[in-house]
Amino acid sequence: MEKMLIVGVNTRPLAHSAYQLGYEIYSTSYFCTMDFDRWHHKKCILKQKSYNSCGKFEESFDPSLLMKLSSSYIDEVDHIISYTGTVPEKFPPSKIIGNKKVENVENKYKLYHKLKNKFKFPDTYHLSEIAEAQEIAAQFPEKKFIKKPVQGSGGYGIEKFKNMNLESYPESEFILQEFVSGENVSTSVLSTGTQSQAILSSKQLYAEENPALPEFIYGGNITPYPGEDSVFKKVAQEVVDELKLTGSNGVDMVIANDDIYIIEVNPRLHGTFECAEAVLGINMMEAHIRACEGELLSVSSPEKYAIKKILFAKKRSLVGNLKYNGVFDLPLENTIIEPGQPLVTLICSSENLYNCLEKINRATSHVEGKLKEF
Ligand SMILES: Nc1ncnc2c1ncn2[C@@H]1O[C@H](COP(=O)(O)OP(=O)(O)O)[C@@H](O)[C@H]1O
Ligand SMILES: [Mg+2]
């Protein structure tokens, strides 16, 4: 049996699909969800204990801890999948399945610089002082701007840029970008490096309004995109071709009227993974591996809808038994989840989008009924 190591913030969905392909699974992750089955070798950063707090991801997560946990597995495994939370450059390239070098894609300014002459981007500036950002914002009073980390994920660290006093921002490098108002979409593209295919688009969702969460936190998606997506599918494919990426990749865009703005490229398996599997009826890990081996899996058009919704705690909560149809990434029962921290992931699929939304609402109510303010 070939051995596969999956490294990332939350590896549960990828591990599940890889296990189904017959790999012996090794995993290192931040979260340690209860529905991550026992037959895996797994190490997690987060230690959950009854009546103890699970703490705050943004404060406790450190990519170097993931590397520490992974070190004893690296020699033992045959293959490595690098997921959100780490980068493939940290591992032996011969073991990586997927893009081996991603720095020029993950760095949002380098990506902008590389693609700006061929694709439309919001105006983007790489800065290190807030005073510079204020000067730029003052030159374009008709535009809105956001400030974001040069490299990031999940929407963490992104905020609207306002003319606040200079002391309120630490001075370190950041991106100032024109805020484009429109529809947030993400397209999944499979590529062999010489041939590519955009297989699916989805509508990106922000986390539900929550006083403990900043504004742009990723909250899930609706798949497939409920509308005409052929134009931005084509653009996403061209972006992946231009960057010579392989395997499964995600291109995030904002569609504003007829303009398609590139926001980010995720050069790996990404957030629509579970929904893509549900609506296309394929194993996305298999599609990724085959593409890396030079073969595009044949994918037919989706015949149903899937919704993924990440639920975040609104109050400090003691969680009961959250097991329920469509509820994933379960925390240990009787642990405490801090406000703004992820509770569970809900995933539902149906031929009818309305039914899908109903299922999500039912699962949301079930989970909320099992939380006690603590
Ligand atoms: N310039 C922008 N204009 C409008 N929305 C944006 C812009 N930049 C980011 N966003 C929104 O925030 C989300 C996260 O931004 P992104 O740059 O992809 O950061 P992350 O790497 O944290 O996912 C995007 O999917 C999009 O919805
Ligand atoms: Mg993004």
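The legends below describe close-up views of a predicted model.

**View 1. Domain layout of the protein chain, which is divided into four named parts.** The assignment gives domain 1 (3–97), domain 2 (123–178), domain 3 (180–303) and domain 4 (307–374). Between the centres of domain 1 and domain 2, taken over C-alpha atoms, the separation is 33 Å.

**View 2. The crossing of helix H1 (12–20) with helix H8 (273–280).** The axes of H1 and H8 come within 9 Å and cross at roughly 45°, which makes H1 oblique to H8. On the side of H1 the contact is formed by Arg 12, Pro 13, Leu 14 and Ser 17, and on the side of H8 by Phe 273, Glu 274 and Glu 277. By class, the residues of this contact of H1 with H8 comprise 3 nonpolar, 1 polar and 3 charged.

**View 3. The second largest pocket, with a space of about 390 Å³.** The lining of this pocket consists of 20 residues, of which Arg 12, His 16, Asp 35, Phe 328 and Ile 347 are the closest to its centre. Two or more residues of the lining come from each of helix H1 (12–20), helix H8 (273–280), strand E16 (327–328) and strand E18 (342–350). Arg 12, listed here among the residues closest to the pocket centre, also takes part in the contact of H1 with H8. The lining of the second largest pocket divides into 10 nonpolar, 4 polar and 6 charged residues.

**View 4. Asp 329 in the loop between E16 and strand E17 (336–337).** Most residues other than glycine have a negative phi, and most peptide bonds are trans. The phi of Asp 329, by contrast, is near 55°, a positive value in a residue other than glycine.

View 5. The crossing of helix H5 (residues 108–115) with helix H7 (residues 230–243). The two axes come within 11 Å and cross at roughly 95°, and H5 and H7 are therefore roughly perpendicular to each other. The cis peptide bond from Thr 223 to Pro 224. The omega of this bond is near -5°, and Pro 224 is found in the loop that runs between strand E11 (218–223) and H7.

**View 6. The largest cavity, with a volume of about 110 Å³.** Rolling a probe the size of a water molecule over the atoms shows where empty space is left. The count comes to 2 cavities of 30 Å³ or more. The largest cavity is lined by 15 residues, and the closest to its centre are Ser 82, Ile 97, Asn 99, Pro 267 and Arg 268. Because domain 1 (3–97) and domain 3 (180–303) both give residues to the lining, the largest cavity lies between them. In its lining there are 9 nonpolar, 4 polar and 2 charged residues.

**View 7. The second largest cavity, with a volume of about 30 Å³.** Lys 108, Tyr 112, Thr 124, Lys 148, Ile 175, Gln 177 and Ile 263 line this cavity, with at least two residues supplied by H5 and at least two by strand E8 (174–178). The lining of the second largest cavity has 3 nonpolar, 2 polar and 2 charged residues. H5, which contributes to this lining, is also the helix whose axis crosses that of H7 at roughly 95°.

Notes
Residues numbered from 1 in each chain as written. Chains lettered and ligands numbered in written order. Predicted model: local features only at pLDDT ≥ 70, side-chain atom pairs only at ≥ 80, totals over all residues. Heavy atoms only, no water. Axes fitted to C-alpha atoms, helices over the stretch in contact; angles between N-to-C directions. Helix = DSSP H or I, 4+ residues; strand = E, 2+ residues; numbered from the N terminus. Parallel < 35°, antiparallel > 145°, perpendicular 65-115°, else oblique. 1 Å grid on protein atoms, 1.4 Å probe; cavity = no way out; pocket = protein on both sides within 12 Å on 5 of 7 lines; lining within 4 Å. Points joined across faces, edges and corners; volume = space filled by probe spheres on them. Nonpolar A, V, L, I, M, F, W, Y, C, P; charged D, E, K, R; others polar. Domains from an automatic or database assignment. Contact = heavy atoms within 4.5 Å.
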